[in-house]
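Dear colleague,

Please find the structure below, followed by a short account of what was found in it.

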Amino acid sequence: MRTETGWEIFYDQFVPDTLNHLETVTMIGNGYLGTRGSFAEGYPGANRATFVHGVFDDTPIVFTELANIPDWTALQIKFNDKVFSLAEGTLHSFTTRLDLQYGVLTRQVDWESPDNQRIMINFERFACLHNVHLLMQRLRITSQNFEGQVEIQAPINGYALNEQLMHWQHASNNHQHDANQLVIKTIASKITVAVAQDYRYQGDLTQKSIWNVPMQPTAVFLFGLKAGESVTFEKRTALFTTRDTANPSQAGFELLEQSSGLSWIQIRRQHDKAWNAVWSTSDMVIDSDDDAQIMVRFCLYQLLIAGPQHDDQVNIGAKTLSGYGYRGHVFWDTEIFMLPFFTFTQPQIARNLLSYRYHRLPGARKKAKANGYDGAQFPWESADTGEEVTPTWVPAWVDNEDGKSMELVRIWTGDIQIHITADVAYAIMQYWKITGDDEFMLTRGAQVILETAKFWASRLEWNQSKERYEITDVIGPDENHDHIDNNAFTNRMVVWHLQTAQEIFEWLVSNPDQQADDLLSMLGITQAVSQEWQKKATLVYFPDINEEGIIEQFDGFFDLDYIDFSLYAGRTKSMQEIFGIEGTQKVMALKQADVVMLLYLLRDKFDLTTIEANYDYYNIRTDHEYGSSLGPAMHAIVAAMIGRRGEAYQHFLRAAKADLYDVRGNIKDGIHAASLGGVWQAVVFGFAGLRINQDGWSVHPTLPEGWRSVEFSFYHKGELQRVRVTE
Ligand code: BGC
């Protein structure tokens with residue numbers, strides 16, 4: 001990977017073994033859909049996928065997943081019947097560029113076929129931002145010594161599989177004027193998707209036809225080509241689903257019709273304008289660290305193409321729309337890691353993401369009820385209905401006496417990783433405090449905070465002998481330890497949540513709007529209920545703090561065996577892989593920040609001495625290399641808070657490199673979305689030290705060595721703030 005301008009990443013070599021990595025990092029999108037950067041013509045082992053927010057369908061084990069929709073970029077090219085493929089012939093040169101500023105992916109190949117025909121091909125694609133249903137692709141073929149017939153086949157392939165699983169049934173093939181359309185439907189969720197395409201070209205066209213194959217209508221074009229001549233071919237795709245409109249087929253044809261009078265350049269202008277508007281509040285400029293600059297922009301780009309601008313019924317999965325990992329499911333990754341970026345720089349997207357949780361309250365109520373509690377409990381993994389979709393058992397390779405064998409592993413997160421419910425409330429409060437969006441709080445946010453507070457009030461367990469409330473049998477952020485009692489993070493966040501509910505209650509009581517009264521009556525929340533919550537909050541046990549000021553991560557953590565991570569230097573596996581699932585439970589090896597995370601989220605509640613002592617204690621017990629990708633950015637922030645410039649930068653780089661350098665070796669499954677958001681937070685709250693307070697905001701810089709300044713923008717109560725921080 002290289003970069004020249006600070007706005008693009010480019011690869012000037014094709015390494016087949018890293019194809020899946022390339023496909024993930026060069027994805028394009030527009031907040032409606034995401035398309036991996038797979039080659040239009042295909043390649044063996046490619047992992048092609050396009051996902052549209054909200055288009056879920058049922059599947060075994062993980063309940064539901066985003067369905068891979070027909071690949072709008074597919075093209076087959078033949079030169080006198082010889083199929084163009086980089087798997088054959090000689091590749092004289094290869095360049096792929098992803099322009100992060102405008103989300104445009106280009107590729108240029110200088111290719112010689114096995115029978116020595118030499119051809120240059122330029123590919124280009126982007127998903128319009130000004131109209132998210134319009135997708136643009138073109139190619140230019142220039143012959144160097146080839147003379148003969150070029151065939152371009154443009155299929156709309158409905159056999160789009162999710163790895164081995166097919167989610168689609170055929171509805172219809174339609175044609176209008178020169179446009180071709182495939183309409184298909186998901187098997188269980190019955191979402192109709194209509195993909196329409198039309199075509200433009202320049203060159204010596206000798207024939208065009210449509211192969212009206214039911215699941216794969218294909219437009220076919222034949223051109224004559226001589227040495228030194230070119231053919232250009234442009235394909236426009238209009239994509240709608242029944243989640244967008246009642247008649248996606250008609251909407252698709254209409255959009256193609258509307259855009260037909262506009263040239264590629266004219267469409268690009270509208271698209272660029274939309275991107276310029278987005279970057280005008282979301283960009284970050286670092287002087288002078290070119291590597292950090294491009295990595296940060298890459299993270300922001302990936303967040304922006306995942307953020308739903310127009311839909312408040314969807315959310316961002318842990319792998320965005322970039323791959324099969326986690327099947328499009330939504331975790332706390334959104335609220336705690338990604339959301340601050342949107343809340344501060346694209347509040348409308350943040351509002352959509354939080355509204356998704358509001359709309360999913362019925363699923364959360366169901367979960368609370370099924371577990372015997374009141375109110376609403378958010379699922380650890382959420383998708384279309386808002387019910388729990390964490391798999392219960394997953395097949396996995398496990399080390400045992402006979403070597404390795406495939407076994408079913410019980411996943412407990414869906415049962416007991418309950419802190420997500422407080423995390424959602426935390427994000428709502430942060431959004432409200434920053435944006436001042438009272439309307440959102442009144443109509444949506446307050447209800448979420450109060451109904452989920454009801455859940456906590458019923459979830460707390462009274463320990464009669466110790467006269468305190470406890471929360472037992474949970475998983476905290478550090479998933480290496482499960483079935484633990486009194487996780488500091490969970491217990492403290494619950495206290496925060498109950499106290500916050502009290503604040504919201506009082507805000508509603510003093511709110512003259514009738515809706516405020518109606519909400520409280522509907523939820524049955526009275527002064528007495530709110531006081532009861534307040535009382536409970538004061539009686540929740542916060543784990544022991546030892547003489548050195550260290551907060552015990554959970555009951556019994558201090559009794560676990562200490563592991564000296566330096567003895568495992570050079571490892572290529574996570575601590576959990578080294579010790580096994582059971583073995584890791586018994587040792588002090590954290591998958592990710594837990595107490596450190598708490599110190600960051602509730603930093604006003606802890607003094608710097610406590611923060612520093614706990615950072616030092618837990619930092620050396622955390623698997624930064626192969627644990628969770630969510631951890632490093634959080635450590636970067638806390639390290640910066642206590643003035644550890646070098647360490648903060650080291651952690652920041654771990655997070656910033658996660659995808660571009662495939663540090664965990666799993667990039668083929670998709671982007672590490674939480675880490676992207678963590679990177680933005682590390683720069684803003686860590687290095688720049690942005691603090692929001694009663695009177696406004698202030699910065700407390702701890703810039704990495706060599707950074708002369710960092711510039712970013714954010715909205716504070718609707719007013720755009722431009723910040724330039726120097727050391
Ligand atoms: C992490 C979780 C995270 C999930 C999805 C897990 O490996 O431990 O904190 O929510 O991945 O990214």
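Which residues in α3 are buried? They are W264, I267, R268, H271, D272, A274, W275, V278, W279, T281 and S282, where buried means under 20% relative accessible area with a 1.4 Å probe, protein chains only. Helix α3 covers residues 264–282 and reaches 26 Å from its first C-alpha to its last, close to the 27 Å expected at 1.5 Å a residue; that span is 1.5 Å times one less than the number of residues. Helices are DSSP runs (H or I) of at least four residues, numbered from the N terminus.

This is a predicted model: local features need pLDDT of at least 70, side-chain atom pairs count only at pLDDT 80 or more, and totals for chains, interfaces and linings use all residues. Residues are numbered from 1 along each chain as its sequence is written, and side-chain values use heavy atoms, without hydrogens and water.

The residues around the ligand (a heavy atom within 4 Å) include Y326, F331, W380, E479 and K591. For an N or O atom in the side chain of Q592, the distance to a ligand oxygen atom is 2.6 Å. The protein buries 90% of the 310 Å² that the ligand exposes when taken alone, by the Shrake-Rupley method with a 1.4 Å probe.

H21 is placed in helix α1 (residues 19–25) and is buried, at a relative accessible area of 15%. A polar atom of the H21 side chain lies 3.3 Å from the backbone oxygen of L660.

With kind regards

Key
Helices (H or I, at least four residues) and strands (E, at least two) are DSSP runs, numbered from the N terminus. Buried means under 20% relative accessible area, exposed over 50%, partly exposed in between (1.4 Å probe, protein chains only). A polar contact is a pair of N or O atoms within 3.5 Å; within protein, one must be able to donate a hydrogen and the other to accept it, and residues adjacent in sequence count only if both atoms are side-chain atoms.
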